[in-house]
Amino acid sequence: MSTTADAARLGREHGEAGESPFVTDGYAFRENDVMEALGETGATTEASHAHRVALLDAYCAAHTAAMLGMDAPAFRPMD
């Protein structure tokens, strides 16, 4: 199971590279692709929903911060 730190690290790497393989139309993240890259391949369930939202939030925030040359916000681990 991935952690929010894993998601933020991946987002930062992609942001520092100047793009993300998970972005369409310049701004919309493909959530399923982010989850797959983090190893979260099972179906989203009521039990896993909050964890997956936290992962996606961490990825997106770190990616955006890196693209803007800013430090990523600190994430409180949910895991």
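**View 1. Ser2 sits in the segment before α1.** Helices here are DSSP runs of H or I, at least four residues long, numbered from the N terminus. This is a predicted model, where local features need pLDDT of at least 70, side-chain atom pairs count only at pLDDT 80 or more, and totals for chains, interfaces and linings use all residues. Residues are numbered from 1 along each chain as its sequence is written, and side-chain values use heavy atoms, with hydrogens and water left out. Ser2 counts as buried because its relative accessibility is 8% (buried is under 20% relative accessible area, exposed over 50%, partly exposed in between, with a 1.4 Å probe and protein chains only). A polar atom of its side chain lies 2.2 Å from the backbone oxygen of Leu38.

**View 2. Now look at Leu38 and the largest nonpolar core.** A nonpolar core is a set of buried Ala, Val, Leu, Ile, Met, Phe, Trp, Tyr and Cys residues joined through side-chain atoms within 4.5 Å. This one has 14 residues, and Leu38 is among those touching the most other members, along with Ala7, Val34, Met35 and Tyr59. Helix α3 gives the largest share, six residues. Leaving aside residues up to four places away in sequence, Leu38 touches Ser2, Asp6, Ala7, Leu10 and Leu55 (touching means heavy atoms within 4.5 Å).

**View 3. Arg9 and Asp6 pair up in a salt bridge.** That means a side-chain nitrogen of Lys or Arg within 4 Å of a carboxyl oxygen of Asp or Glu. Their closest N and O atoms are 2.7 Å apart. Arg9 and Asp6 are three residues apart in helix α1, so about one helical turn separates them.

Note on methods: Helices (H or I, at least four residues) and strands (E, at least two) are DSSP runs, numbered from the N terminus. A polar contact is a pair of N or O atoms within 3.5 Å; within protein, one must be able to donate a hydrogen and the other to accept it, and residues adjacent in sequence count only if both atoms are side-chain atoms.
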